[in-house]
Amino acid sequence: MPLSSTPILRLGLRYVRGLRKGSAEALVRARAAGPFASIEDLTLRVPELSKSEWTMLAQVGALNGLGNRFHRRDALWQVERAIRPAGVLFKESQQEDAPSPLSQMTDEERLVTDFHGTGLTVGRHPMAHRRAEWNGMNIKRASDLKAIPDGRFARIAGCVIARQRPGTAKGFLFLSLEDETGIANAIVTPDIYERNRILLTSGKFLMIEG
């Protein structure tokens with residue numbers, strides 16, 4: 001069988017925030033016995049999962065593709081239907097594969113739920129979504145910096161992945177900013193740090209020039 005030209009990246013269950021070890025182990029055991037036919041089949045075979053765990057799995061896309069589920073809001077809709085008993089009055093009217101009335105998440109919504117649920121994303125880097133805007137502001141990509149002569153003014157921006165201000169640094173702050181091409185490092189002088197302390201110590205995304 002020819003291999004697909006599209007690579008597939010799968011994250012382990014340990015990345016899912018709030019998923020208990022016992023719940024994950026029960027899910028893996030049930031999966032080893034055979035593939036899940038639908039979300040309802042999964043709820044019946046893995047009763048150990050709590051409502052919050054079901055919701056998180058649906059939000060991060062772990063339930064996409066089960067049965068006729070193709071997107072996260074559809075999965076969220078079916079999870080609610082599966083884990084909330086309909087009662088005698090409405091049980092017969094329920095259809096397991098009925099389409100969800102909810103629209104798909106936007107790229108931004110998927111990005112937010114990825115970081116909320118797993119702390120990362122396997123989709124496009126957050127900086128890539130606004131690269132056209134950054135280019136208009138002359139913000140350089142991390143990969144562009146090696147071509148800029150020493151001493152030349154430059155702007156960089158990205159997600160803060162490291163912040164260090166060791167006691168031996170005499171007040172200097174060292175930052176590592178990640179964009180879709182790599183990592184750029186910045187050194188913030190003590191006077192600028194003092195004027196922008198809250199922003200520099202709490203901002204998740206920063207733009208720095210110098």
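This is a predicted model: local features need pLDDT of at least 70, side-chain atom pairs count only at pLDDT 80 or more; totals for chains, interfaces and linings use all residues.

Modeller: The mean pLDDT of the protein chain is 87, and 88% of its residues reach 70 or more.

Biologist: Where in the protein chain is confidence lowest, and where is it highest?

Modeller: The lowest mean, 53, belongs to helix H5 (residues 87-91), whereas strand S3 (residues 173-179) has the highest, at 97. The scale runs from 0 to 100, so these values can be set directly against it.

Biologist: How many helices and strands does the protein chain have, and in what pattern do they follow one another?

Modeller: The protein chain contains nine helices and five strands. Along the sequence their pattern reads α-α-α-α-α-α-α-β-β-β-β-α-α-β.

Biologist: Why is aspartate 191 called partly exposed?

Modeller: Aspartate 191 has a relative accessibility of 44%. Buried requires under 20% and exposed requires over 50%; the value of 44% lies in between, and therefore aspartate 191 counts as partly exposed. This residue lies in helix H8 (residues 190-195). Aspartate 191 is 20 residues from glycine 171 in sequence, and their C-alpha atoms are 8.5 Å apart in space.

Biologist: Which residues of H3 are buried, and against what do they pack?

Modeller: In H3, the buried residues are Glu53, Trp54, Thr55, Met56, Leu57 and Ala58. They are called buried because each falls under 20% relative accessible area. The buried residues of H3 pack against H1, H2, H4 and H6. Just after H3, glycine 61 adopts a positive phi of about 90°. Across the protein chain, 34% of the 210 residues count as buried.

Biologist: What makes a group of residues a nonpolar core?

Modeller: The residues must be buried, belong to a set of nonpolar types, and be joined through side-chain atoms within 4.5 Å. The largest nonpolar core has 20 residues, and Phe36, Leu42, Val46, Leu49 and Leu63 have the most contacts inside it. At least two residues of this core come from each of H1, helix H2 (39-45), helix H3 (51-59) and helix H4 (72-83). A second, separate core has 13 residues, among them Leu175, Ala186, Tyr193 and Leu206.

Biologist: What does leucine 42 touch, leaving aside residues up to four places away in sequence?

Modeller: Leucine 42 touches Phe36, Trp54, Leu63 and Leu66. In soluble globular proteins, nonpolar side chains tend to be buried together.

Biologist: How do you know that there is empty space in a model?

Modeller: Rolling a probe the size of a water molecule over the atoms shows where empty space is left. The largest pocket holds about 1000 Å³ of space. Its lining consists of 35 residues, and Leu9, Leu11, Val60, Gly61 and Ala62 lie nearest the centre of the largest pocket. Helix H6 gives the largest share of this lining, five residues.

Biologist: What types of residue line the largest pocket?

Modeller: The lining of the largest pocket divides into 19 nonpolar, nine polar and seven charged residues.

Biologist: Which residues lie nearest the centre of the second largest pocket?

Modeller: They are Leu111, Phe115, Pro126, Cys159 and Phe205, out of 26 lining residues. The volume of the second largest pocket is about 670 Å³. H6 gives the most to this lining, with six residues.

Terms used:
Residues are numbered from 1 along each chain as its sequence is written. Side-chain values use heavy atoms; hydrogens and water are left out. pLDDT is the predictor's confidence in each residue, from 0 to 100. Helices (H or I, at least four residues) and strands (E, at least two) are DSSP runs, numbered from the N terminus. On a 1 Å grid over the protein atoms alone, a cavity is a set of points where a 1.4 Å probe fits but cannot get out, and a pocket is an open set with protein on both sides within 12 Å along at least five of seven lines; lining residues have an atom within 4 Å of a point. Grid points are joined across faces, edges and corners, and a volume is the space filled by probe spheres set on the points. Ala, Val, Leu, Ile, Met, Phe, Trp, Tyr, Cys and Pro count as nonpolar, Asp, Glu, Lys and Arg as charged, and the others, Gly among them, as polar. Buried means under 20% relative accessible area, exposed over 50%, partly exposed in between (1.4 Å probe, protein chains only). Contact means heavy atoms within 4.5 Å.
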